[in-house]
Amino acid sequence: MAKYSIGLDFGTLSGRALLVDVVTGEELATAVMNYPHAVMDEYLPDGTTRLAPDWALQHPKDYLDVVAKVIPEVLTAASVSAEDVVGVSIDFTACTVLPILADGTPLCFLPEYEKEPHAYVKLWKHHAAQDKAEIINRKAEELREPWLARYGGKVSSEWIFPKIWQTLDEAPEIYEKAAHFIEAGDWLTMQLTSKLTRNACAAGYKAIWSKKDGFPSSAFFKALDPRLENVVCDKLSGPILAIGDKAGEISASGAALTGLKPGTAVGVANIDAHVAVPAPGITTPGTMLIIMGTSSCHMLLGDTEVNVPGICGVVEDGIIGGYLGYEAGQSCVGDHFDWFVKNCVPASYHEAAAAEGISIHKYLREKAKKLSVGESGLIALDWWNGNRSVLVDVDLTGVLLGMTLTTKPEEIYRALIEATAFGTRKIIETFEKGGVHIDRIIAAGGIAEKDELMMQIYSDVCNREIGISGSPQACALAPPCSAPWPRARQPAAGIPSARPQSICPSLRTPAMRPTPTMLPPTMPFTPSMRHCTTTSAVVQTTL
């Protein structure tokens with residue numbers, strides 16, 4: 001009898017389940033649910049408690065609601081019995097962290113903390129702890145901490161220790177009340193298994209942990225703030241398990257939540273972008289995977305450890321066992337375009353898109369396709385949500401220059417696409433300058449699947465062929481096919497539905513292809529390309 005597994009993929013705005021045949025890798029059913037509270041960046045759920053700038057919170061109840069809805073939906077859609085499901089595994093955004101009691105109860109579930117922002121989930125893009133990150137970086141440089149180089153020379157405010165320290169400073173009662181600060185993926189795994197485990201991927205990339213050396217020393221944390229001396233043993237206890245290991249089994253309470261049978265295997269959680277690497281068959285060094293969503297993550301495997309300035313980290317066994325896993329990223333991609341259509345596109349465009357029965361994004365893309373490279377003369381810089389790689393500074397802001405009274409929305413839309421493309425190009429160049437070679441690029445995620453124009457621009461800007469993952473559910477597809485239960489198809493073979501198709505650089509846009517910093521001043525760049533040259537030079541100078 002056929003056996004099945006379920007991948008649970010939790011993104012920034014929604015969660016989804018994917019039911020997969022463990023022998024063939026066939027995707028049988030999927031279900032998606034948007035988070036009722038979405039991202040809380042202005043008010044708490046009470047509607048009156050206002051949040052300060054740079055806050056980004058979520059409500060953990062949304063995650064439970066997703067699990068309770070989407071798992072029964074995929075089983076029903078595929079007419080599969082829960083008895084035939086051999087395992088379930090979770091991937092999640094990171095660092096998305098929450099304070100909990102010893103039994104796993106989030107502090108925001110307690111009535112006395114409903115109005116306390118620090119009791120909620122701090123989403124990955126919560127940037128209100130930038131001052132703490134800067135202090136950590138200065139102190140690490142001063143003390144010559146050896147681990148700093150593994151993270152490109154900078155710790156991000158998106159990571160766990162700046163967020164924990166912010167809680168300690170601004171809400172010490174929450175810090176004291178919390179038995180643990182935990183990644184949301186590990187917390188949800190705990191809800192399924194009734195066991196506390198932590199995944200090595202998030203620990204390595206977001207909590208400065210390494211397989212060889214563990215966490216930074218208590219002496220380092222004491223040098224930051226005496227109250228943090230024992231932060232690791234006091235707030236981050238629990239076994240750190242390797243990706244692909246078994247976290248536990250569905251408990252009685254987990255069964256009641258999901259409809260799955262008690263005893264069903266549960267895999268160790270993983271970061272959403274990193275878990276997708278094996279899905280299109282990436283199992284050896286040389287191929288970069290770009291996961292494109294609200295933000296973008298750029299992942300690579302390596303045989304040796306080299307320190308690359310400005311990347312998010314290099315972690316042993318961080319992506320696939322036996323390799324070094326490299327990560328970089330852009331903190332504003334899909335959010336970039338979402339901001340634009342919500343705030344800058346006139347009603348007439350929305351009405352025209354609705355009349356044609358297409359999304360506003362597709363409507364803008366169709367118009368932008370008709371534009372020549374540089375035709376608009378617009379200049380854009382994609383730092384709407386700061387810069388993750390290679391400057392690691394969330395306080396940087398975006399730029400849009402060159403507008404006139406004749407500037408059209410589609411011209412701005414295309415300029416924003418070009419800006420994100422050159423951000424990716426800068427990451428690629430930084431990796432290769434640092435000694436991590438890239439022979440091939442594959443893109444996955446909703447944007448990569450749906451936006452042919454954007455992927456063509458990326459291919460042109462980077463002057464590289466880009467493969468597009470064959471599955472729109474690369475993140476959800478990977479956990480069932482790399483988890484601790486029997487399966488005939490190993491990740492090394494790739495997953496048939498995720499095998500990539502390719503987009504090659506266009507011959508129509510040769511001006512986008514030379515390396516900007518090496519071009520002579522007389523190169524006939526269009527205005528849009530001059531912008532991109534300047535941007536690249538500014539980034540290089542800043543480094």
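This tour moves through a predicted model, one selection at a time.

**Stop 1: helix α1**

Select residues 60-78, which form helix α1. This helix has 19 residues and spans 28 Å from its first C-alpha to its last, close to the 27 Å expected at 1.5 Å a residue. Next, colour the buried residues of α1: Pro60, Asp62, Tyr63, Leu64, Val66, Val67, Val70, Ile71, Val74 and Leu75. An α-helix has 3.6 residues a turn, so residues three or four places apart point the same way.

Now show the side chains of lysine 61 and aspartate 65, which meet in a salt bridge with an N to O distance of 3.1 Å. Why can these two residues be found about one helical turn apart? Lysine 61 and aspartate 65 are four residues apart in helix α1, and therefore about one helical turn separates them. Lysine 61 is partly exposed, with a relative accessible area of 41%, and aspartate 65 is also partly exposed, with a value of 25%.

**Stop 2: salt bridges elsewhere**

Side chains of opposite charge can pair when their charged atoms come close. Across the whole structure, a search finds 22 salt bridges. Select arginine 227 and aspartate 169, whose side chains form a salt bridge of 2.5 Å, N to O. This pair links distant parts of the chain: arginine 227 is in the loop between α7 (218-224) and α8 (231-235), aspartate 169 is in helix α3 (residues 160-170), and the two are 58 residues apart. Arginine 227 counts as partly exposed at 42% relative accessibility, and aspartate 169 counts as partly exposed at 38%.

Then go to helix α11 (residues 334-343), where lysine 342 and aspartate 338 lie four residues apart, separated by about one helical turn. The two residues form a salt bridge, with their closest N and O atoms 3.1 Å apart. Are they buried or exposed? Lysine 342 counts as exposed at 62% relative accessibility, whereas aspartate 338 counts as partly exposed at 27%.

**Stop 3**

Rolling a probe the size of a water molecule over the atoms shows where empty space is left. In this structure, a search finds eight cavities of 30 Å³ or more. The second largest cavity holds about 100 Å³ of space. To display its surroundings, select the lining residues Ile160, Glu183, Asp186, Arg198, Asn199, Ala202, Ala203, Lys206, Ala207, Phe215 and Leu236. The elements that give two or more residues to this lining are β9 (198-199) and α6 (200-206). Of the elements, α6 gives the most, with three residues.

**Stop 4**

Select residues 324-330, which make up strand β17; seven of its seven residues are buried. In a regular strand the side chains alternate between the two faces of the sheet. On β17, Leu324, Tyr326, Ala328 and Gln330 point one way, and Gly325, Glu327 and Gly329 point the other way.

Which strands pair with β17? Strand β15 (residues 296-302) runs antiparallel to β17 and is joined to it by seven bridges. Within this pairing, leucine 301 stands opposite glycine 325. Strand β16 (residues 313-316) also pairs with β17 in the antiparallel sense, over four bridges. There, glycine 313 stands opposite glutamate 327.

**Stop 5: backbone details in the loops**

Select alanine 94 and cysteine 95: the peptide bond from the former to the latter is cis, with omega near 0°. Cysteine 95 lies in the loop between β5 (85-92) and β6 (97-100). A cis peptide bond also leads from serine 389 to valine 390, with omega near 15°. Valine 390 is in the loop between β18 (379-381) and β19 (399-401).

Next, select alanine 38, in the loop between β3 (27-34) and β4 (57-58). Alanine 38 has a positive phi of about 50° although it is not a glycine, and it counts as partly exposed at 29% relative accessibility. Finish at isoleucine 208, in the loop between α6 and α7. Phi of isoleucine 208 is likewise positive, near 55°, and this residue counts as buried because its relative accessibility, 3%, is under 20%.

Methods: Residues are numbered from 1 along each chain as its sequence is written. This is a predicted model: local features need pLDDT of at least 70, side-chain atom pairs count only at pLDDT 80 or more; totals for chains, interfaces and linings use all residues. Side-chain values use heavy atoms; hydrogens and water are left out. The expected span of a helix is 1.5 Å times one less than its number of residues. Buried means under 20% relative accessible area, exposed over 50%, partly exposed in between (1.4 Å probe, protein chains only). A salt bridge is a side-chain nitrogen of Lys or Arg within 4 Å of a carboxyl oxygen of Asp or Glu. On a 1 Å grid over the protein atoms alone, a cavity is a set of points where a 1.4 Å probe fits but cannot get out, and a pocket is an open set with protein on both sides within 12 Å along at least five of seven lines; lining residues have an atom within 4 Å of a point. Grid points are joined across faces, edges and corners, and a volume is the space filled by probe spheres set on the points. Two strands pair if DSSP finds at least two bridges between them.
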